[in-house]
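Me: I would like to go through this model with you, one topic at a time. Please keep the answers plain.

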Amino acid sequence: MNDWNPIASVYNPLKAGSIDGTDLEPHDRAVWRAMFARYKPNKGVVGDPLLTLYVARLNPQTTEERLQEVFSKYGQINRLRLVRDIVTGFSKRYAFIEYKEERSITRARREANKLVVDQNELFVDFEQERTLKGWIPRRLGGGQGGKKESGQLRFGGKDRPFRKPISLGMGQFQDWSGGAREWDRGSKERDDRHTQRERGQSTRPHERDPEWGNRGARDERDRGREKDSYREKYRNSDREREDRRSSDKHRHRDRR
């Protein structure tokens with residue numbers, strides 16, 4: 001973890017497929033392809049790699065003149081090369097454009113990406129074949145592009161750097177264990193409150209009364225008094241009924 005950097009200095013397909021560069025297993029098949037790919041950079045390429053732009057997903061009918069027309073509005077172009085098949089001469093649908101100034105390539109990278117040219121949406125990025133050691137192109141499962149929909153995102157570049165990984169040091173383990181102790185303590189307090197509620201006792205200190213104790217006990221006493229009053233009332237009613245019955249008996253005897 002000491003050599004971690006948000007920008008990759010050496011290209012590793014496994015790390016590029018990880019959001020923080022710490023994955024140990026590939027999360028998609030393209031990463032597997034890139035890990036076992038054998039790619040050798042073209043040593044015949046000339047020009048400044050820091051000022052060279054990579055343009056892909058071109059229409060097969062797009063020519064050098066059309067690319068010159070589209071990308072010259074971002075700055076002065078030093079060199080333009082549309083890659084073609086050696087045998088057939090057909091376009092391989094990607095090109096390299098070298099600008100004269102750094103601000104021109106930065107503007108072209110920002111504004112020309114996803115630009116529609118000849119009914120095709122372009123993919124524009126900085127050249128990394130000569131600037132990043134161990135580079136694997138996107139057609140072999142590498143690169144640093146990708147979409148969220150396809151799940152093939154790549155990280156470690158300037159536009160999409162690695163996120164800072166979560167450090168699990170001893171200090172954080174101690175904090176976590178302390179938090180667990182606090183949680184246990186809180187659970188015990190909750191259990192105590194629950195038992196107090198079942199017993200009819202108050203769980204809040206401001207509800208306690210010096211004369212009656214707590215609110216729960218006071219409610220229990222009130223309920224007991226109400227029960228006693230109801231019992232006394234029923235007893236009185238029973239006595240009244242008995243008295244009426246006895247008086248009725250005496251009346252019947254007198255009539256006889």
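Me: Which residue of S3 stands opposite isoleucine 77?
Reply: Isoleucine 77 stands opposite tyrosine 99 in S3. Strands here are DSSP runs (E, at least two residues), and helices are DSSP runs of H or I with at least four residues, both numbered from the N terminus. Please note that this is a predicted model: local features need pLDDT of at least 70, side-chain atom pairs count only at pLDDT 80 or more, and totals for chains, interfaces and linings use all residues. Residues are numbered from 1 along each chain as its sequence is written, and side-chain values use heavy atoms, with hydrogens and water left out.

Me: How many bridges join S2 to S3?
Reply: Six bridges join S2 to S3, and the two strands run antiparallel. Two strands count as paired if DSSP finds at least two bridges between them.

Me: What is the strand order of the sheet?
Reply: The order is S2-S3-S1-S6, in an open sheet of four strands with antiparallel pairing. Strand S2 (77-84) and S6 stand at the edges with a single partner strand each, so one side of each is left without a neighbour in the sheet. Neighbouring strands are turned by 20 degrees against each other on average, direction ignored. Axes are lines fitted to C-alpha atoms, for helices over the stretch in contact, and angles run from 0 to 180 degrees between N-to-C directions.

Me: And S1, which strands does it pair with?
Reply: S1 pairs with S3 in the antiparallel sense over five bridges, and four bridges join S1 to S6, again antiparallel. Tyrosine 54 stands opposite phenylalanine 96 in S3, while leucine 53 has phenylalanine 126 in S6 as its bridge partner.

Me: Is S1 mostly covered or mostly open?
Reply: S1 is mostly covered, as four of its five residues are buried. Buried means under 20% relative accessible area, exposed over 50%, and partly exposed in between, with a 1.4 Å probe and protein chains only.

Me: Which helices lie across these strands?
Reply: H3 lies across S1, S2, S3 and S6, running at about 140 degrees to S2. H4 lies across S1, S3 and S6, at about 150 degrees to S6.

Me: Which residues of H4 are buried?
Reply: In helix H4 (residues 102-112) the buried residues are Ser104, Ile105, Ala108, Arg109 and Ala112. They cover an arc of only 130 degrees around the axis, which puts them on the same side of H4; the arc is that of the directions from the helix axis to the C-beta atoms. Glu102, Arg103 and Arg110 are exposed on the other side of H4.

Me: What covers the buried residues of H4?
Reply: The cover includes strand S1 (52-56), helix H3 (64-71), strand S3 (91-99) and strand S6 (123-126).

Me: Why does serine 104 count as buried?
Reply: Serine 104 counts as buried because its relative accessibility is 6%. Not counting residues up to four places away in sequence, serine 104 touches Tyr74, Gly75, Gln76 and Tyr99. Contact means heavy atoms within 4.5 Å.

Me: Changing topic: which residues have the most contacts inside the largest nonpolar core?
Reply: They are Leu53, Phe71 and Tyr99, in a core of 19 residues. S1, H3, S2, S3 and H4 each supply at least two residues of this core. A second, separate core of six residues includes Ala16, Ala34, Leu132 and Ile136. A nonpolar core is a set of buried Ala, Val, Leu, Ile, Met, Phe, Trp, Tyr and Cys residues joined through side-chain atoms within 4.5 Å.

Me: What does phenylalanine 71 touch?
Reply: Beyond residues up to four places away in sequence, phenylalanine 71 touches Leu53, Val55, Ile77, Ile97, Tyr99, Ala112, Leu122 and Val124.

Me: Where is pLDDT under 50?
Reply: Residues 170-184 stay under 50, and the model has three contacts for them beyond four places in sequence. Over residues 205-212 the pLDDT is also below 50, and that stretch has 11 contacts beyond near neighbours in sequence. Where pLDDT is low, the predicted coordinates should not be read in detail.

Me: What does the chain average?
Reply: The chain averages a pLDDT of 78, and 70% of the residues score at least 70.

How values were computed: pLDDT = per-residue confidence, 0-100.
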